[in-house]
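Visitor: I have a structure open and would like to learn how to read it. Could you walk me through it?

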Amino acid sequence: MAVTEIRETIETSVGLDSNGLGIVQKRINLQSGSRHQIFQMDMFQDAIPETDSDNLIIEWFVTPYPVIYSTMKLTPLRNSRGPMAGDDKVLMKSIWTSYDLTKYGTFTDFPNQFLGAQPTFSFYTPALYVTGLVHGASGASVTNLAFSFYVACDNKKASLVSYGLGVLRERSIAQGINLMSQGRTISPSGNVGQVFPMWKYGGMRPERMLRGNALADFFLPYSSTDSEKMLSTGNVRGYLSRGRTMQPFDTAFGSFDAVKGDIPDWVRFDLNPGLVAGPIRPQQPPRKLADNGNTLMF
(Lines give C-alpha, C1' and ligand atoms only; values in the text may rest on other atoms or scores of the structure.)
Protein backbone atom coordinates (compact mmCIF):
# COMPACT_ATOMS: atom_id res chain seq x y z
CA MET A 1 0.00 0.00 0.00
CA ALA A 2 1.57 3.29 -1.16
CA VAL A 3 0.00 5.98 1.02
CA THR A 4 0.75 9.54 0.01
CA GLU A 5 0.41 12.16 2.74
CA ILE A 6 -0.18 15.69 1.52
CA ARG A 7 -0.01 18.85 3.60
CA GLU A 8 -0.93 22.10 1.89
CA THR A 9 -1.66 25.63 3.06
CA ILE A 10 -3.58 28.57 1.68
CA GLU A 11 -2.82 32.04 3.01
CA THR A 12 -4.02 34.98 0.99
CA SER A 13 -6.41 37.91 0.67
CA VAL A 14 -9.41 38.06 -1.62
CA GLY A 15 -11.68 40.82 -2.83
CA LEU A 16 -15.36 40.00 -3.31
CA ASP A 17 -17.15 41.01 -6.51
CA SER A 18 -20.43 42.88 -6.85
CA ASN A 19 -22.32 39.67 -5.99
CA GLY A 20 -20.32 39.19 -2.79
CA LEU A 21 -18.29 36.22 -4.11
CA GLY A 22 -14.57 35.55 -4.08
CA ILE A 23 -12.71 32.41 -5.15
CA VAL A 24 -9.47 30.98 -3.75
CA GLN A 25 -7.92 27.88 -5.30
CA LYS A 26 -4.84 25.68 -5.23
CA ARG A 27 -3.88 22.67 -7.37
CA ILE A 28 -2.07 19.57 -6.03
CA ASN A 29 -0.48 17.24 -8.58
CA LEU A 30 -0.72 13.46 -8.06
CA GLN A 31 0.80 10.42 -9.74
CA SER A 32 -0.59 9.73 -13.20
CA GLY A 33 -1.89 6.30 -14.26
CA SER A 34 -3.03 5.37 -10.74
CA ARG A 35 -6.22 4.88 -8.80
CA HIS A 36 -6.31 7.16 -5.78
CA GLN A 37 -8.41 6.34 -2.71
CA ILE A 38 -8.90 8.91 0.00
CA PHE A 39 -7.88 7.55 3.42
CA GLN A 40 -8.05 10.65 5.60
CA MET A 41 -8.77 14.35 5.15
CA ASP A 42 -8.71 17.23 7.56
CA MET A 43 -8.46 21.00 7.55
CA PHE A 44 -7.47 23.61 10.12
CA GLN A 45 -8.11 27.33 10.43
CA ASP A 46 -4.77 29.03 11.17
CA ALA A 47 -6.01 32.59 11.61
CA ILE A 48 -9.13 34.68 12.03
CA PRO A 49 -10.01 36.44 8.76
CA GLU A 50 -10.25 40.23 8.73
CA THR A 51 -13.15 41.66 6.76
CA ASP A 52 -15.59 44.54 6.62
CA SER A 53 -18.39 42.15 5.67
CA ASP A 54 -21.09 40.83 7.96
CA ASN A 55 -21.94 37.11 8.06
CA LEU A 56 -18.84 35.86 6.25
CA ILE A 57 -19.30 32.32 4.94
CA ILE A 58 -16.62 30.17 3.29
CA GLU A 59 -17.31 26.99 1.31
CA TRP A 60 -14.24 24.72 1.04
CA PHE A 61 -14.05 21.90 -1.53
CA VAL A 62 -11.55 19.17 -2.37
CA THR A 63 -12.22 17.89 -5.89
CA PRO A 64 -10.34 16.25 -8.81
CA TYR A 65 -11.38 19.16 -11.10
CA PRO A 66 -11.90 22.87 -10.45
CA VAL A 67 -15.18 23.81 -8.79
CA ILE A 68 -17.71 25.76 -10.85
CA TYR A 69 -20.15 27.84 -8.80
CA SER A 70 -23.86 27.94 -9.62
CA THR A 71 -26.69 30.46 -9.46
CA MET A 72 -28.34 28.64 -6.55
CA LYS A 73 -28.57 30.34 -3.16
CA LEU A 74 -26.39 29.52 -0.18
CA THR A 75 -28.55 31.66 2.13
CA PRO A 76 -31.52 33.95 1.39
CA LEU A 77 -28.97 36.77 0.90
CA ARG A 78 -26.06 34.81 -0.60
CA ASN A 79 -26.03 33.51 -4.19
CA SER A 80 -23.46 31.55 -6.24
CA ARG A 81 -23.40 28.41 -4.13
CA GLY A 82 -20.92 25.64 -4.92
CA PRO A 83 -21.81 22.00 -5.72
CA MET A 84 -23.63 19.89 -3.14
CA ALA A 85 -21.68 17.59 -0.82
CA GLY A 86 -23.40 14.56 -2.37
CA ASP A 87 -22.11 15.44 -5.85
CA ASP A 88 -19.91 12.69 -7.32
CA LYS A 89 -17.05 15.09 -8.02
CA VAL A 90 -16.82 16.34 -4.41
CA LEU A 91 -14.34 14.45 -2.22
CA MET A 92 -14.78 16.77 0.78
CA LYS A 93 -16.89 19.83 1.52
CA SER A 94 -16.71 22.08 4.55
CA ILE A 95 -18.69 25.24 5.34
CA TRP A 96 -17.25 27.78 7.83
CA THR A 97 -19.56 30.39 9.33
CA SER A 98 -20.08 32.68 12.34
CA TYR A 99 -16.89 34.77 12.03
CA ASP A 100 -16.08 37.85 14.08
CA LEU A 101 -12.87 39.57 15.15
CA THR A 102 -12.44 37.61 18.38
CA LYS A 103 -13.14 33.94 17.65
CA TYR A 104 -12.70 31.22 15.08
CA GLY A 105 -15.58 30.20 12.87
CA THR A 106 -17.79 27.16 13.27
CA PHE A 107 -17.83 24.53 10.56
CA THR A 108 -19.62 21.46 9.23
CA ASP A 109 -17.83 18.75 7.23
CA PHE A 110 -18.77 16.11 4.68
CA PRO A 111 -17.67 13.40 5.22
CA ASN A 112 -17.79 14.02 8.95
CA GLN A 113 -14.80 13.54 11.25
CA PHE A 114 -15.64 9.88 11.86
CA LEU A 115 -16.02 8.95 8.18
CA GLY A 116 -13.10 11.14 7.18
CA ALA A 117 -10.77 8.99 9.30
CA GLN A 118 -11.29 5.87 7.16
CA PRO A 119 -11.14 5.07 3.41
CA THR A 120 -13.94 6.79 1.51
CA PHE A 121 -13.89 7.98 -2.12
CA SER A 122 -11.63 6.93 -4.99
CA PHE A 123 -10.72 8.73 -8.23
CA TYR A 124 -8.28 8.55 -11.17
CA THR A 125 -7.59 12.17 -12.16
CA PRO A 126 -3.94 12.96 -11.27
CA ALA A 127 -4.77 16.20 -9.47
CA LEU A 128 -6.60 17.62 -6.48
CA TYR A 129 -8.08 21.10 -6.32
CA VAL A 130 -8.62 22.86 -3.01
CA THR A 131 -11.18 25.59 -3.66
CA GLY A 132 -12.69 28.16 -1.34
CA LEU A 133 -15.84 30.09 -2.25
CA VAL A 134 -15.91 33.18 -0.01
CA HIS A 135 -19.34 34.76 0.46
CA GLY A 136 -19.82 38.18 1.98
CA ALA A 137 -20.96 41.71 1.28
CA SER A 138 -20.71 43.20 -2.19
CA GLY A 139 -17.23 44.64 -2.85
CA ALA A 140 -15.90 43.59 0.57
CA SER A 141 -12.27 42.68 1.19
CA VAL A 142 -11.17 39.58 3.15
CA THR A 143 -7.60 39.47 4.45
CA ASN A 144 -5.59 37.14 6.68
CA LEU A 145 -7.31 34.10 5.13
CA ALA A 146 -5.18 31.17 6.35
CA PHE A 147 -6.10 27.49 6.24
CA SER A 148 -4.15 24.22 6.30
CA PHE A 149 -5.18 20.96 4.65
CA TYR A 150 -4.18 17.33 5.17
CA VAL A 151 -4.92 14.54 2.70
CA ALA A 152 -3.79 10.90 2.90
CA CYS A 153 -4.55 8.77 -0.16
CA ASP A 154 -3.61 5.28 -1.33
CA ASN A 155 -2.15 5.13 -4.83
CA LYS A 156 -2.44 1.91 -6.82
CA LYS A 157 -1.31 1.31 -10.38
CA ALA A 158 -4.33 1.08 -12.67
CA SER A 159 -4.68 -0.57 -16.06
CA LEU A 160 -4.76 1.70 -19.07
CA VAL A 161 -8.43 0.90 -19.76
CA SER A 162 -9.70 1.51 -16.22
CA TYR A 163 -7.55 4.63 -15.86
CA GLY A 164 -8.77 6.08 -19.14
CA LEU A 165 -12.41 5.36 -18.41
CA GLY A 166 -12.07 6.76 -14.89
CA VAL A 167 -10.51 10.02 -16.07
CA LEU A 168 -13.11 10.32 -18.83
CA ARG A 169 -15.97 9.83 -16.38
CA GLU A 170 -14.57 12.33 -13.86
CA ARG A 171 -14.06 14.89 -16.60
CA SER A 172 -17.66 14.40 -17.72
CA ILE A 173 -19.24 14.79 -14.26
CA ALA A 174 -17.04 17.81 -13.48
CA GLN A 175 -19.25 20.02 -15.64
CA GLY A 176 -21.03 22.67 -13.60
CA ILE A 177 -24.73 22.58 -12.75
CA ASN A 178 -26.19 26.06 -12.95
CA LEU A 179 -29.57 25.23 -11.39
CA MET A 180 -30.72 21.96 -9.85
CA SER A 181 -34.19 20.66 -9.01
CA GLN A 182 -34.42 17.13 -7.62
CA GLY A 183 -36.94 15.02 -5.77
CA ARG A 184 -40.69 15.41 -5.70
CA THR A 185 -43.13 16.88 -3.25
CA ILE A 186 -45.99 14.81 -1.85
CA SER A 187 -48.99 16.31 -0.15
CA PRO A 188 -49.92 14.53 3.11
CA SER A 189 -53.34 13.68 1.70
CA GLY A 190 -51.73 12.00 -1.32
CA ASN A 191 -49.22 9.94 0.62
CA VAL A 192 -51.52 6.89 0.96
CA GLY A 193 -50.17 3.88 -0.89
CA GLN A 194 -46.79 5.46 -1.68
CA VAL A 195 -45.00 4.04 1.34
CA PHE A 196 -45.34 0.91 3.44
CA PRO A 197 -49.03 0.70 4.39
CA MET A 198 -48.41 0.57 8.15
CA TRP A 199 -47.45 4.25 8.23
CA LYS A 200 -51.04 5.09 9.17
CA TYR A 201 -51.89 2.14 11.37
CA GLY A 202 -48.65 1.92 13.39
CA GLY A 203 -47.14 -1.05 15.21
CA MET A 204 -46.56 -4.50 13.77
CA ARG A 205 -48.82 -5.82 11.07
CA PRO A 206 -50.89 -8.85 12.22
CA GLU A 207 -50.08 -12.24 10.67
CA ARG A 208 -52.01 -15.37 9.77
CA MET A 209 -51.09 -18.92 10.76
CA LEU A 210 -51.93 -22.16 8.97
CA ARG A 211 -53.92 -24.71 10.90
CA GLY A 212 -51.89 -27.68 12.08
CA ASN A 213 -54.64 -30.16 12.96
CA ALA A 214 -54.57 -31.96 9.60
CA LEU A 215 -51.74 -32.96 7.29
CA ALA A 216 -53.74 -31.79 4.31
CA ASP A 217 -53.56 -28.21 5.54
CA PHE A 218 -49.89 -27.59 4.81
CA PHE A 219 -46.91 -28.78 2.82
CA LEU A 220 -43.17 -28.58 3.38
CA PRO A 221 -40.76 -27.53 0.60
CA TYR A 222 -37.77 -29.87 0.37
CA SER A 223 -35.90 -27.80 -2.22
CA SER A 224 -36.50 -25.04 -4.75
CA THR A 225 -37.70 -27.57 -7.37
CA ASP A 226 -39.40 -30.27 -5.34
CA SER A 227 -42.05 -30.27 -2.59
CA GLU A 228 -43.51 -32.89 -0.29
CA LYS A 229 -46.59 -34.39 -1.90
CA MET A 230 -49.35 -33.83 0.65
CA LEU A 231 -51.75 -31.82 -1.48
CA SER A 232 -52.87 -32.06 -5.06
CA THR A 233 -51.46 -29.53 -7.48
CA GLY A 234 -54.82 -27.82 -7.89
CA ASN A 235 -55.26 -27.58 -4.13
CA VAL A 236 -51.85 -26.02 -3.70
CA ARG A 237 -52.65 -23.45 -6.40
CA GLY A 238 -55.82 -22.64 -4.49
CA TYR A 239 -53.68 -21.82 -1.46
CA LEU A 240 -51.40 -19.65 -3.58
CA SER A 241 -54.20 -17.62 -5.14
CA ARG A 242 -55.73 -16.96 -1.72
CA GLY A 243 -52.30 -16.04 -0.30
CA ARG A 244 -52.02 -13.27 -2.90
CA THR A 245 -55.31 -11.61 -1.94
CA MET A 246 -55.07 -7.84 -1.47
CA GLN A 247 -55.92 -6.61 2.03
CA PRO A 248 -56.55 -3.24 3.72
CA PHE A 249 -53.61 -1.54 5.41
CA ASP A 250 -54.55 -2.66 8.92
CA THR A 251 -55.17 -6.37 8.29
CA ALA A 252 -52.84 -9.30 7.79
CA PHE A 253 -51.58 -10.34 4.38
CA GLY A 254 -53.21 -13.41 2.87
CA SER A 255 -56.87 -14.31 3.34
CA PHE A 256 -59.34 -16.44 5.32
CA ASP A 257 -61.11 -19.44 3.84
CA ALA A 258 -64.13 -21.03 5.51
CA VAL A 259 -62.77 -24.54 4.82
CA LYS A 260 -58.99 -24.10 4.89
CA GLY A 261 -58.86 -21.42 7.61
CA ASP A 262 -56.26 -18.66 7.60
CA ILE A 263 -53.90 -18.70 4.62
CA PRO A 264 -50.83 -16.47 5.09
CA ASP A 265 -48.97 -14.85 2.23
CA TRP A 266 -45.74 -16.78 2.92
CA VAL A 267 -47.15 -20.04 1.49
CA ARG A 268 -46.09 -18.78 -1.94
CA PHE A 269 -42.41 -18.43 -0.97
CA ASP A 270 -39.80 -20.90 -2.28
CA LEU A 271 -42.11 -22.88 -4.55
CA ASN A 272 -41.13 -24.91 -7.58
CA PRO A 273 -41.88 -23.14 -10.86
CA GLY A 274 -44.58 -25.59 -11.90
CA LEU A 275 -46.84 -24.63 -9.03
CA VAL A 276 -46.49 -20.93 -9.72
CA ALA A 277 -46.54 -20.91 -13.52
CA GLY A 278 -49.19 -23.60 -14.01
CA PRO A 279 -49.22 -27.18 -15.23
CA ILE A 280 -46.50 -28.39 -17.56
CA ARG A 281 -47.72 -28.60 -21.11
CA PRO A 282 -47.29 -31.90 -22.98
CA GLN A 283 -44.32 -31.88 -25.31
CA GLN A 284 -43.92 -33.32 -28.77
CA PRO A 285 -41.13 -35.86 -29.32
CA PRO A 286 -37.91 -34.23 -30.50
CA ARG A 287 -37.60 -34.04 -34.27
CA LYS A 288 -34.42 -35.43 -35.81
CA LEU A 289 -33.17 -34.50 -39.23
CA ALA A 290 -30.83 -36.25 -41.62
CA ASP A 291 -27.84 -34.48 -43.13
CA ASN A 292 -29.84 -33.57 -46.22
CA GLY A 293 -32.60 -32.00 -44.11
CA ASN A 294 -35.15 -34.79 -44.35
CA THR A 295 -37.03 -35.76 -41.21
CA LEU A 296 -36.01 -39.15 -39.82
CA MET A 297 -38.95 -41.49 -39.31
CA PHE A 298 -38.94 -44.16 -36.59
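Guide: We will go through the salt bridges, the nonpolar core, the aromatic rings, the backbone and the surface in turn. This is a predicted model, in which local features need pLDDT of at least 70 and side-chain atom pairs count only at pLDDT 80 or more, while totals for chains, interfaces and linings use all residues. Residues are numbered from 1 along each chain as its sequence is written, and side-chain values use heavy atoms, with hydrogens and water left out.

Visitor: How many salt bridges does a search of the whole structure find?

Guide: A salt bridge is a side-chain nitrogen of Lys or Arg within 4 Å of a carboxyl oxygen of Asp or Glu. The search of the whole structure gives 6 salt bridges. In one of them, Glu8 meets Lys26 with N to O at 2.9 Å. Glu8 belongs to strand β1 (residues 2-15) and Lys26 to strand β2 (residues 21-29), so the pair links distant parts of the chain, 18 residues apart. Helices (H or I, at least four residues) and strands (E, at least two) are DSSP runs, numbered from the N terminus.

Visitor: Which residue forms a salt bridge with Asp88?

Guide: Arg169 does, with the closest N and O atoms 3.0 Å apart. Asp88 sits in the loop between β5 (57-63) and β6 (92-97), and Arg169 in helix α1 (residues 160-173), 81 residues apart. Asp88 is exposed at 54% relative accessibility, whereas Arg169 is partly exposed at 46%.

A further salt bridge joins Arg242 and Asp257, whose closest N and O atoms are 3.0 Å apart. Here helix α3 (residues 233-243) holds Arg242 and strand β13 (residues 255-257) holds Asp257. Arg242 is partly exposed at 28%, but Asp257 is buried at 14%.

Visitor: What should I look for in the interior?

Guide: In soluble globular proteins, nonpolar side chains tend to be buried together. A nonpolar core is a set of buried Ala, Val, Leu, Ile, Met, Phe, Trp, Tyr and Cys residues joined through side-chain atoms within 4.5 Å. The largest core here has 28 residues, and Trp60, Leu128, Val134, Leu145 and Phe147 touch the most other members. Strand β10 (141-157) gives the most to this core, with 6 residues.

Visitor: Which residues does Leu128 touch?

Guide: Contact means heavy atoms within 4.5 Å. Not counting residues up to four places away in sequence, Leu128 touches several residues, including Lys26, Ile28, Val62, Phe123 and Val151.

Visitor: How do I read a pair of aromatic rings?

Guide: A pair of aromatic rings is described by the distance of the centres and the angle of the planes. Rings of Phe, Tyr and Trp (its six-membered ring) pair if their centres lie within 6.5 Å; planes under 30 degrees apart count as stacked, over 60 as edge-to-face and the rest as tilted. The whole structure has 3 aromatic pairs. Trp96 and Phe147 have ring centres 5.3 Å apart and planes at 75 degrees, so this pair is edge-to-face. Because Trp96 lies in strand β6 and Phe147 in strand β10, the pair ties together parts that are 51 residues apart in sequence. Trp96 is buried at 4% relative accessibility, and so is Phe147 at 1%. Trp60, Trp96, Phe147 and Phe149 form one aromatic cluster.

Visitor: What can the backbone tell me?

Guide: Most residues other than glycine have a negative phi, and most peptide bonds are trans. Ser80 has a positive phi, near 60 degrees, and lies in the loop between β5 and β6. Ser80 is buried at 9% relative accessibility. Asn144 also has a positive phi, near 55 degrees; its place is in strand β10, where Asn144 is partly exposed at 30%.

Visitor: Where does Met204 lie?

Guide: Met204 is in the loop between α2 (198-201) and β11 (221-223). Met204 is exposed, with a relative accessible area of 74%.

Technical notes
Buried means under 20% relative accessible area, exposed over 50%, partly exposed in between (1.4 Å probe, protein chains only).
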